[in-house]
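Please read this note with the sequence and the model open beside it. The points run from confidence to fold, and then to single residues.

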Amino acid sequence: MRKAALFLSFFLATQWLVAQQSQNPDQLLLDARELIFDGKYQEGRKLAFRAQFDWA
């Protein structure tokens, strides 16, 4: 039981740290633009939408 509680607390702590990472929206838009110019429209669009919501 103690090992399970330790594992659960470690798992939750690492998830919280990963969720705190954010990229620069300007860089995301530049990457999205490059993907779109390369013909990868879906990937570029997803990245552009992610950059839009990082501004908030």
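1. In the chain, where is confidence lowest, and where is it highest? The lowest mean, 66, belongs to helix H1 (residues 2-19), and the highest, 92, to H2. Confidence here is pLDDT, the predictor's own score for each residue, from 0 to 100. Over residues 17-21 the pLDDT is below 50, and this stretch has zero contacts in the model beyond near neighbours in sequence; a contact means heavy atoms within 4.5 Å. Where pLDDT is low, the predicted coordinates should not be read in detail. For the chain, the mean pLDDT is 79, with 70% of its residues at 70 or more.

2. This is a predicted model, in which local features need pLDDT of at least 70 and side-chain atom pairs count only at pLDDT 80 or more, while totals for chains, interfaces and linings use all residues. Residues are numbered from 1 along each chain as its sequence is written, and side-chain values use heavy atoms, with hydrogens and water left out.

3. The chain has three helices and zero strands, in the order α-α-α along the sequence. Helices (H or I, at least four residues) and strands (E, at least two) are DSSP runs, numbered from the N terminus.

4. Of the chain's 56 residues, 11% count as buried. Buried means under 20% relative accessible area, exposed over 50%, and partly exposed in between (1.4 Å probe, protein chains only). The accessible surface is about 5,300 Å², and carbon and sulfur atoms hold 62% of that surface. Areas come from the Shrake-Rupley method with a 1.4 Å probe, and for residues only the protein chains shown count as cover.

5. Ala-32 sits in helix H2 (residues 25-37). Ala-32 counts as buried because its relative accessible area is 2%. Leaving aside residues up to four places away in sequence, Ala-32 touches Gly-44, Leu-47 and Ala-48. Between Ala-32 and Gln-42, 10 residues apart in sequence, the C-alpha to C-alpha distance is 9.6 Å.

6. Is Phe-37 buried or exposed? Phe-37, also in helix H2, has 61% relative accessibility and so counts as exposed. Together with Ile-36 and Tyr-41, Phe-37 forms a nonpolar surface patch with about 360 Å² of accessible area. Patch residues have over 30% relative accessible area and no salt bridge; like charges are joined within 9 Å, nonpolar side chains (Val, Leu, Ile, Met, Phe, Trp, Tyr) within 5 Å. A salt bridge is a side-chain nitrogen of Lys or Arg within 4 Å of a carboxyl oxygen of Asp or Glu.

7. Phe-53 belongs to helix H3 (residues 41-54) and is exposed, at a relative accessible area of 61%. Phe-53 and Pro-25 are 28 residues apart along the chain, and their C-alpha atoms are separated by 8.6 Å.
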